[in-house]
Number of protein chains: 2
Amino acid sequence: MFFSGQTKLKLPVQRFSVDYKIIGNNKEEAYAKAKDICVEQTAEFPEELVPQGVISDNILGRIENFRNINDNTFVARISYAVDSAAGELTQLLNVIFGNISIKPGIRVENINITPELAEKFKGPRFGTNGLRGILDVKDRPLLFTALKPMGVPAKELAEIAYKFAIGGIDIIKDDHGLSNQPFCDFEERVKLCAAAVEKANRETGNKSIYMPNITGPHSEIVSRAKKAKELGAGGLLISPGLTGFDVIREIADNDDINLPIMGHPAFLGSYVFGENGISHKALFGQIMRLAGADGTIYPNFGGRFSFTVQECESIVEGATEYMEGLKPIFPCPAGGMTLESIPQSLKVYGKNVVFLVGGGLFKHGDDLIESSRYFRKIIE
Amino acid sequence: MFFSGQTKLKLPVQRFSVDYKIIGNNKEEAYAKAKDICVEQTAEFPEELVPQGVISDNILGRIENFRNINDNTFVARISYAVDSAAGELTQLLNVIFGNISIKPGIRVENINITPELAEKFKGPRFGTNGLRGILDVKDRPLLFTALKPMGVPAKELAEIAYKFAIGGIDIIKDDHGLSNQPFCDFEERVKLCAAAVEKANRETGNKSIYMPNITGPHSEIVSRAKKAKELGAGGLLISPGLTGFDVIREIADNDDINLPIMGHPAFLGSYVFGENGISHKALFGQIMRLAGADGTIYPNFGGRFSFTVQECESIVEGATEYMEGLKPIFPCPAGGMTLESIPQSLKVYGKNVVFLVGGGLFKHGDDLIESSRYFRKIIE
């Protein structure tokens, strides 16, 4: 009526799919919600007016599977045209959960990408094996800690970094709240901390790395990544909840930067609470990996946050299960972990894990080198 | 113990504050949560080990006020050092809600910025008066619609844009799902649609504008904004849930681009559901405005989404109440609005509103020019 029905859409249309958990009073209601998702996430147009034929058959989401988990919880697998994502991570996420983020009772459980998407979104540059190679650590869990607290001058953070590295911590990152404060300048901090870790490496023969936080203004993130590389950083920390996920992809794909990336969960937590949102697996596992993080930081069970063992295991699944050839990435449980909790976590995670202990190392005793060595000893 | 207690923090320390709604079984529990926020959002460090003196007194969040709303709901006003935000919107949002986004039962209700922050974050370039000036519309609500559905070629979208403009719609935007798909190229679309609206303006004497969606890859957003400007676009649509809020600031502050911006809520909805998150007022009102959007799009009450009248009114509050001199911005209720629902909405919003009717205009009848004129007539 309004349109000729023409389209430049190429046939046959490749499709990817998303599994949504849908809450409904009954099957009919939940199925109607699934049908609504098909339209809302694509044409966003009165369905009866969508040009019939190539467009209605291919642009609209399609329910590939619909099943109930219990009387009011259902799972719908909905497929979409790969081209609707425009080869852009922003638009892919928009198709997956853009407008329906505003509708109650819909949760992204699992994302099923296609070989075409894996071609476009290459995911992590290093992945688990690549990061092990950089650190020269074959088969134990990796040790990860953070420089803090905010307010301390860069020089003292560098002294701490040196002690961590001497004690055998593999990855020493900025606390995610250190950016470019007037009292802790980015360049000065990166320069001093990278040099401190390098000095320790010369003394120990280890290959520890320093990972500054480059989360910052849109126009400065890439230049901070390059500056960090130039100053000797061995990796980068990014909070995609603050910068957008595509920043990780941009930096992971950059051959000049060529550094491993850890994704931080700041500002992302609200997605995983409640019946609307994104599952732990899809958000902290699949999306972080698709964006190109080599490790995904999240609050471990039993710490000062609220994730369950099962939720943490689902993140491991998203981080490591087969995903069209994308490299597996490291789960990095964190968030109030103490050295005492490590043995229990080892049982859950096995060896392919990065344990992030921040405050816990400081709490363990006055001698940071000794505390770091003790951390390493428990792991080994 | 670990640190000298030195800091480069300048005294006296300017502070901004955030009102958090906190859920707790009793006052003691909720107060403990508030104290935890003070540490988690700043030092993220065992409190007893934070260097005493300038750092402990100023870097840690401070409870300025604590009151109960009912037996298990409390509001804490917590202040933070302005410098902890590093003059960066990403870091400001991190201090406001980074890590505690992962803790249940904490919700940002209201953000109280300071003159120093308003100096750094200038907010909207145009605001309500500026946008009225561009459109030459003194005192009626503005009319806003969207080009859709996905799959239709740019040429046909441009024909639709022409009809909308002839019919008197003030702002004609891309549907937020149109980015740079192989079947609807960004540049071709912007060129054709901007030209179509300009042609209509020459015929009507109106000053309608076309607003393309520039949400896209990190490295391309600014260049798409510039290209859009060059091709005659009159404004820009951005979904900060996909790109990060700082993209809006970057573009709003750019003198060469100099175009009004509408912020779209895609991928942001999960923040406003449930007891963890950000209030409608703070997210769609205050944060959009602080970032620099001139209008904030959100689902109106009574449409196909679930916001209440009260929630919509709170967005208007965040968009317009005094905010240290930042210009007020337009609430843009949308989301399944029909022409029939306009009179009721007029009662709630008054004149300072932008009504976004997309599918509703197509549904109203076969003649888009007539439907647009009818929309305008109801408004006037």
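Contact means heavy atoms within 4.5 Å. The exercises below concern a predicted model, in which local features need pLDDT of at least 70, side-chain atom pairs count only at pLDDT 80 or more, and totals for chains, interfaces and linings use all residues. Residues are numbered from 1 along each chain as its sequence is written, chains are lettered from A and ligands numbered from 1 in the order in which they are written, and side-chain values use heavy atoms, with hydrogens and water left out.

**Exercise 1.** Determine which residues of helix H5 of chain B are buried and what they pack against.

*Solution.* 
Step 1. Helices (H or I, at least four residues) and strands (E, at least two) are DSSP runs, numbered from the N terminus. Buried means under 20% relative accessible area, exposed over 50%, and partly exposed in between (1.4 Å probe, protein chains only).
Step 2. Within H5 (residues 127-135), the buried residues are B:Gly127, B:Thr128, B:Leu131, B:Arg132 and B:Leu135.
Step 3. Viewed down the axis of H5(B), these residues fall within an arc of 165°, so they line one face of the helix; the arc is that of the directions from the helix axis to the C-beta atoms.
Step 4. Their packing partners in chain B are strands E5 (142-147), E6 (171-174), E7 (209-211), E9 (261-263) and E12 (330-334).
Step 5. Just after H5(B), B:Asp136 adopts a positive phi of about 55°.

**Exercise 2.** Characterise the interface between chain B and chain A.

*Solution.* 
Step 1. On chain B, 91 residues are in contact with 91 residues of chain A.
Step 2. The chains bury about 8,000 Å² between them, 62% of it on carbon and sulfur atoms; buried area is the accessible area (1.4 Å probe) that two parts lose on being put together, summed over both.
Step 3. B:Ile102, B:His218 and B:Phe267 supply 11% of the area that chain B buries against chain A, more than any other three residues.
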